[in-house]
Amino acid sequence: LKASQQKMIQTISNLFGGSFTLRDGEISFSDESLGDSPQITEIRSFNLHLSKISYHKPFPFYLNGEIVHSKKEGEFSISGTIQNLPEDMDLSKGKLEAEVKMKGIETFHFWPYLKTLLPMKTISGTLDLNAHYQGNLSGAFKTSAKIKFMDVVYDHPQVFAHILTPKWANLDLDLDYDLKEIKVHRISLELPEIGVKAKGKIYGIGMKEMGIEAEAQSGSFDLSDGKKFIPYRIITPNVSNPLFRGEGNGSVQIVSVKLSGKMPEIEHCDQLKYAHTLSVEVKLNKARVKLPWNLPALEDLKGHLLFKEGNLNLREVEGRFLHSTLDRANGIFYRLLLVPTLQIHSEGRLNLTDLPSLMKLGESTNTFSETLSPITTLSGTAKYQLSAKGELKPPLHFQHQGAYRLSKVRFAHSQVPFPILIGEGKVDL
């Protein structure tokens with residue numbers, strides 16, 4: 001050992017069996033490597049107390065103080081026990097159990113040190129923390145924490161299209177780490193717009209086989225708020241750009257999200273061969289959705305959506321569009337994150353005044369278009385059962401077949417000099 005280290009060990013050894021107390025101290029850190037002017041962090045009213053200090057046996061400690069940073073003041077306290085401290089004072093070989101509390105800490109002040117460890121561009125906010133830590137000082141540990149953020153700014157342009165700025169965020173977590181695996185027993189995130197609960201693990205840390213297994217669910221939230229949390233930046237632009245232009249509101253709930261796979265697979269989960277890594281089930285409750293593919297807005301939607309193997313399944317969906325109803329629909333958006341193809345089986349009641357608008361959406365069968373072209377006015381209803389399939393890229397083109405039971409239909413035809421009224425009838429296309 002160097003002479004200075006030996007002297008420090010000798011000095012601390014003199015304390016063993018006794019106690020050490022420091023009251024109302026002050027420490028100042030000045031970092032001149034971050035810019036033109038130094039960044040200054042001060043700890044005031046610093047108190048430190050060690051008692052029954054000994055090698056290899058547990059001894060308690062307590063420290064607290066005020067942190068002055070970025071012209072703001074915060075508080076911290078740490079209390080607990082240190083054990084298995086070796087005679088060479090190598091803290092990395094010791095064990096620690098501690099309660100940590102912080103209040104009013106401005107995280108952006110410490111961002112220059114955190115940004116090399118975290119993937120986002122920026123995160124800032126005022127932090128309150130209550131945490132428990134148990135484990136080695138450089139190795140396996142268990143921890144639980146309750147974290148409160150105020151005035152959050154979260155900028156992660158590789159994932160989200162917008163900078164997220166919730167007024168507050170609450171995080172509650174419980175996890176273990178054993179050098180090879182992080183196991184998250186519980187993590188919950190509450191924002192003004194949405195609450196999410198999750199659990200899972202990251203395994204094979206530091207190895208080629210490193211991967212994730214996780215599942216999560218949310219409470220009900222408004223679709224207009226949830227849109228900002230969609231990770232558009234990791235979806236292929238051909239789909240993410242139209243999705244970004246989509247609109248919606250109303251109540252939805254994420255019933256289940258499951259993520260499982262090796263890290264390279266998860267990073268490219270928008271590719272079809274890795275689509276098995278992600279599944280999402282969503283419940284709709286009177287939601288409104290305006291899809292970006294030149295389709296009419298869907299109102300009062302109820303039912304379930306299941307994203308699995310890269311496809312979005314519609315399950316027992318009902319709602320309204322224009323002046324018509326969708327009483328039951330089941331179908332699939334194939335390859336949703338690439339160039340989707342929609343295949344749907346549906347039934348409902350069509351208000352025939354909507355038919356001209358629907359015909360303008362894209363290209364349908366030529367026979368159907370030619371049949372309707374001489375009709376100038378149209379009213380009445382038709383109960384329908386139909387199947388349709390088409391690729392969702394302009395111009396829209398759907399292969400379509402169905403049966404329509406007409407009721408009180410009235411229309412004018414360019415080759416007939418008087419209006420035509422049909423009390424009841426059936427059309428098969």
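User: Let's start with Leu179. Is Leu179 buried, exposed or partly exposed?
Analyst: Leu179 is partly exposed, because its relative accessible area is 49%. Please keep in mind that this is a predicted model.

User: Where does Leu179 lie?
Analyst: Leu179 is in the loop that runs between β8 (168–177) and β9 (181–190).

User: What is its phi, given that Leu179 is not a glycine?
Analyst: The phi of Leu179 is positive, at about 80°. For comparison, most residues other than glycine have a negative phi.

User: What about Lys286, also not a glycine: what is the phi there?
Analyst: Lys286 has a positive phi of about 60°. This residue lies in strand β14. With a relative accessibility of 46%, Lys286 counts as partly exposed.

User: Back to β8 and β9. Which residue forms a salt bridge with Asp172?
Analyst: The partner is Arg186, and the closest N and O atoms of the two are 2.9 Å apart. The pair links distant parts of the chain, since Asp172 belongs to strand β8 and Arg186 to strand β9, 14 residues apart.

User: Are those two buried or exposed?
Analyst: Asp172 counts as buried, because its relative accessibility of 16% is under the 20% limit. Arg186, at 35%, counts as partly exposed.

User: Which residues are linked with them in a network?
Analyst: Lys146, Asp172, Asp174 and Arg186 are linked in a network of salt bridges.

User: Why would such side chains pair?
Analyst: In general, side chains of opposite charge can pair when their charged atoms come close.

User: How many salt bridges are there in the whole structure?
Analyst: A search of the whole structure finds 14. One of them joins the side chains of Arg44 and Glu42, with 2.7 Å from N to O. Arg44 is partly exposed at 32% relative accessibility, whereas Glu42 is buried at 18%.

User: And which residue pairs with Arg328?
Analyst: Arg328 forms a salt bridge with Glu316, and their closest N and O atoms are 3.1 Å apart. Arg328 is partly exposed, with a relative accessible area of 40%. Glu316 is partly exposed as well, at 43%.

User: You mentioned Arg44. How far is its C-alpha atom from that of Glu26?
Analyst: The two C-alpha atoms are separated by 4.6 Å, although Glu26 and Arg44 are 18 residues apart along the chain. Glu26 is placed in strand β1 (residues 19–31). Leaving aside residues up to four places away in sequence, Glu26 touches Ile43, Arg44 and Phe46.

User: Is Glu26 buried or exposed, then?
Analyst: Glu26 is exposed, because its relative accessible area is 58% and exposed means over 50%.

User: New topic: strands. How many strands are there in the chain?
Analyst: The chain has 22 strands, together with seven helices.

User: How do β4 and β5 run, and how many bridges join them?
Analyst: Strand β4 (residues 72–83) and strand β5 (residues 95–106) run antiparallel and are joined by nine bridges. As an example, Glu75 has Lys103 in β5 as its bridge partner.

User: What does β5 do with β6?
Analyst: β5 pairs with strand β6 (residues 122–136) in the antiparallel sense, over 10 bridges. Here Ala98 has Tyr133 in β6 as its bridge partner.

User: Which strand does β13 pair with over 11 bridges?
Analyst: That strand is β14 (residues 278–290), and the pairing is antiparallel. Within it, Asn249 stands opposite Arg288 in β14. Strand β13 (residues 247–262) is also joined to strand β11 (residues 211–218) by six bridges, again antiparallel. There, Glu213 has Ser260 in β13 as its bridge partner. Strand β12 (residues 220–222) runs antiparallel to β13 as well, with three bridges. In that pairing, Phe221 stands opposite Val252.

User: Last one: what percentage of the residues count as buried?
Analyst: Of the 429 residues in the chain, 37% count as buried. The accessible surface of the chain comes to about 25,200 Å², and 55% of this belongs to carbon and sulfur atoms.

Definitions and conventions:
Residues are numbered from 1 along each chain as its sequence is written. This is a predicted model: local features need pLDDT of at least 70, side-chain atom pairs count only at pLDDT 80 or more; totals for chains, interfaces and linings use all residues. Side-chain values use heavy atoms; hydrogens and water are left out. Two strands pair if DSSP finds at least two bridges between them. Helices (H or I, at least four residues) and strands (E, at least two) are DSSP runs, numbered from the N terminus. Buried means under 20% relative accessible area, exposed over 50%, partly exposed in between (1.4 Å probe, protein chains only). Accessible areas come from the Shrake-Rupley method with a 1.4 Å probe; for residues, only the protein chains shown count as cover. Contact means heavy atoms within 4.5 Å. A salt bridge is a side-chain nitrogen of Lys or Arg within 4 Å of a carboxyl oxygen of Asp or Glu.
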